[in-house]
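Please look over the structure shown here before reading the notes on it. They are arranged by topic, for a reader who works with coordinates.

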Amino acid sequence: MKPSRRPRKRVAERQPLLSTVPLSAAPTRYPSTRSRTLRRGVTVLLSIGLSYLFLSLLFPSLPPFGVHSTAFIKSQQNARAHSSRMPLAMLEELMLLTPREEMARKHSQYYTSGPHLGGKNYSQALWTQARWIEYGIPEVEIVTYEIYANYPRGHRLGLLREVEDGKEVQKREIIDGTHYELMYEAGLEEEVLEDDPTTGLEDRIPTFHGYSANGNVTAEYIFANYGTYQDFEDLLTHGVNLTGKVILCKYGHIFRGLKVKRAQDLGAVGVLIYSDPGDDGNITELNGYEVYPDGPARNPHSVQRGSVQFLSFGPGDPTTPGYASKPGVVRQDPSPFIPSIPSLPISYVDALPLLSALNSHGPNSSDLGAHWRTGGLYHKNVTYNIGPAPGVVLNLVNEVDYEITPMWDVIGRIPGHISDETVILGNHRDAWIAGGAGDPSSGSAALLEIARSFGKMFHAGWKPTRSILLASWDGEEYGLLGSTEWVEEHRATLHTHALAYINVDVGARGSAFFAAANPLLHSLLRSATARVADPDAAAEGRFNISVRDRWSGRIAPLGSGSDYTAFQDHVGIPSVDMGFREAKGGPVYHYHSNYDSFRWMERYGDPGFAYHVAIAKIWGLVALRLAEEQIVQFNATDYALALQGYLDAIIAEVNSTSTPPPASPTPPTAHHPTRATLLHTLHHLSSTLHHFTHTAARFDARAAHLSHELSQPPSTIPWWRRYLLYIRARAVNTRYKYLDRAFIHPPGLEGRPWFRHVVYAPGKWTGYAGDTFPGLREAVKEGDWQAAVRWAWVIRAAVEGAGCELA
């Protein structure tokens, strides 16, 4: 029997499946208004942080968010608050009022009172340190390097004529078994002047060449004009044999060490270099001018000492190329950077008998081209023949001691609100002589007046927006030793901190302003010179005439020859070199001679020391604008336009070398590029530069607009907007700071890797004068199209990198 089923109860479709259970109200997660606000604030900050992190990955040039950025914001706020108490206009006014002629004279008198050869001037280093501390520079130290250098021990130069063994002569010399008659014994020293006490100091420095080689050679000699690369090529073209000869040449046109290097490379055994009055313009004895001390013409006994290091192949200690000369470092063979043959500097009094002995022997200078016809001793029985004179020889003796010796840089620092942006001012302290009133003591005196001006500001409560560093370098004359070793030691810090380097070597030796500078600083330099009254005009009561009004406005590209070299050419720190030199028709400046003395400066160079004060004011104004303006006072457009001009000049040079290129040039990837390939590549580079120019102009415009916004009173700008303006200012300044670093090529130039800047370097065979796009230009000069194409691509990559820095 089946069990019976109960009928199922039908459930209505609308009947709830579960019974309703009464519940209390849900508790509030954030019970207070304050908690809800905190939650929202945390969410917003996290969102901003994540957004900033994302943007930082996309745009690496944005300033880092965190400790450094917070410190930067605080520093900007502090700087703005401080500038309200001491605005830039007030600081500039102090800089224009503080330097005084009597103080500059006093400083100059101290520095020129005794010898201060590189590595032999510790008392002056201590004195400089003491003055900076006295004037109020808060941090001052002496930094020591141990550097390889030479010092004079003895020398001799005799003009000899070969004679027979039994012939009777007044003065006979026997050298290596050969009999000679002494025709002339060179004095090899400068005349002591009763009217100039410096010239008669007992401890005055003998005439010699820094880094010259020891040697005693007797050989025929020839005249080689200025000893330039082209001069030696002219001699070779005319069949003049240089092997085994002593070279006699004039100072000028190129760095003296390169005269010795080229002579050495061509087989010469010694070099003599003299100063010819033909390079003194109209101010000569021949034109009726009295010689110093009685007049402005060159004293015939003046001798230009100086270094013969191969400066354009690498400055600094030749035993530590690329790294600092600190105790215990490994030292290299210095021969790639200094000569192996002896050399001496001589006066034109000592050169006269040597030149006259060559009369009628060998080709005449007039046969070798117009650039050989510049001598000024024709009236002294000199025909400027090349020689050699048969049987006439020179006995050249150079005795020097080489040693590793301490050299001392004096470094002063005024910490700024922004710790990783630094403006550096530098001048060297060492000289070849006891005086050095123009080189370098006029610059040293001006730097002391700047230190005194900054000290006054600091004591008044001023703290610069950016840090300021003052440097008194040692060993510059030997080969930029103190500055190069310091830069090599601090290269990493300088890369991230240095904003600009402002150099004054010869501050005043006349009334004509000159400048060489990175184009980023051209506009700033012109505006600073417009603020300073020209001293000569002011003495006539015309105070509205500025230095800028009397200056041509020409700014040369930087090469080498002073302490900016390591900053600009090795690290990529925009630099300036400036000063006042002798005007056309002005007194002759006795460069590196005992006659560059305090007495000469008082009488001829800068009698009232007004130009010492003028250069101090210009120097200080440039430094203040760089240190105080919230937006760095660089102009990228000027840089871009200058680069385009440099390239246009090279394209014109390439075009002039042969016939025009074919319509379809060889692709730049060809294994054997032609001139047409190079032109094709250069036109691509030109297009990149045009694009860079537009990028730079847009960036400068944005920077100018931001500067205008930042100049508004803080009370008119909400706090959050000020914060954003500071962030933008940080980004702009960082991009300006690193712009020139984009042109650093780590492998360096061919054959001279210490020079790493693709835009600026000294010419390989000029030394002083700057080459622009040096790697490319050298390859073009040598007709090496493959190297030229390679350098064009290196430059293009650097320009693109610089453009990205500004984008």
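The model is predicted.

- An α-helix has 3.6 residues a turn, so residues three or four places apart point the same way.
- At the start of H19, the backbone nitrogen of Thr637 has a side-chain oxygen of Asn635 within 3.1 Å.
- Just after H16, Gly572 adopts a positive phi of about 85 degrees.

**A nonpolar surface patch**

- Trp719, Trp720, Tyr723 and Leu724 make a nonpolar surface patch of about 480 Å².
- Leu724, a member of this patch, is placed in helix H21, and Leu724 counts as partly exposed because its relative accessibility is 44%.

**Buried residues and their contacts**

- Tyr348 belongs to helix H8 (residues 348-356) and counts as buried because its relative accessibility is 5%.
- Apart from neighbours within four places in sequence, Tyr348 is in contact with Tyr274, Ser275, Pro277, Glu285, Arg298, Pro300 and Leu377, while the C-alpha atoms of Tyr348 and Asn299, which are 49 residues apart along the chain, are separated by 9.3 Å.
- Thr198 sits in the loop between strand E3 (178-185) and strand E4 (209-210), and it is buried, with a relative accessible area of 10%.
- Apart from neighbours within four places in sequence, Thr198 is in contact with Thr112, Ala434, Gly435 and Ser597.
- Asn121 is found in the loop between helix H4 (101-111) and helix H5 (122-135), where it is buried at a relative accessible area of 1%.
- The side chain of Asn121 reaches the backbone oxygen of Leu117 at 3.0 Å, and its contacts beyond four places in sequence are with His116, Trp408, Arg429, Asp430 and Asp474.

**Backbone exceptions**

- Most residues other than glycine have a negative phi, and most peptide bonds are trans.
- A cis peptide bond, with omega of about 15 degrees, joins Tyr292 and Pro293; Pro293 is in the loop between strand E8 (270-274) and strand E9 (306-307).
- The bond from Asp439 to Pro440 is also cis, with omega near 5 degrees, and Pro440 lies in the loop between strand E12 (418-428) and helix H9 (441-459).
- Asn225 is not a glycine, yet it has a positive phi of about 60 degrees; Asn225 lies in the loop between strand E6 (221-223) and helix H6 (229-237) and is buried, with a relative accessible area of 0%.
- Ser360, a residue other than glycine, has a positive phi near 75 degrees; Ser360 is placed in the loop between H8 and strand E11 (392-414) and is exposed, with a relative accessible area of 62%.

Terms used
Residues are numbered from 1 along each chain as its sequence is written. This is a predicted model: local features need pLDDT of at least 70, side-chain atom pairs count only at pLDDT 80 or more; totals for chains, interfaces and linings use all residues. Side-chain values use heavy atoms; hydrogens and water are left out. A polar contact is a pair of N or O atoms within 3.5 Å; within protein, one must be able to donate a hydrogen and the other to accept it, and residues adjacent in sequence count only if both atoms are side-chain atoms. Helices (H or I, at least four residues) and strands (E, at least two) are DSSP runs, numbered from the N terminus. Patches are made of residues with over 30% relative accessible area and no salt bridge: like charges are joined within 9 Å, nonpolar side chains (Val, Leu, Ile, Met, Phe, Trp, Tyr) within 5 Å. Accessible areas come from the Shrake-Rupley method with a 1.4 Å probe; for residues, only the protein chains shown count as cover. A salt bridge is a side-chain nitrogen of Lys or Arg within 4 Å of a carboxyl oxygen of Asp or Glu. Buried means under 20% relative accessible area, exposed over 50%, partly exposed in between (1.4 Å probe, protein chains only). Contact means heavy atoms within 4.5 Å.
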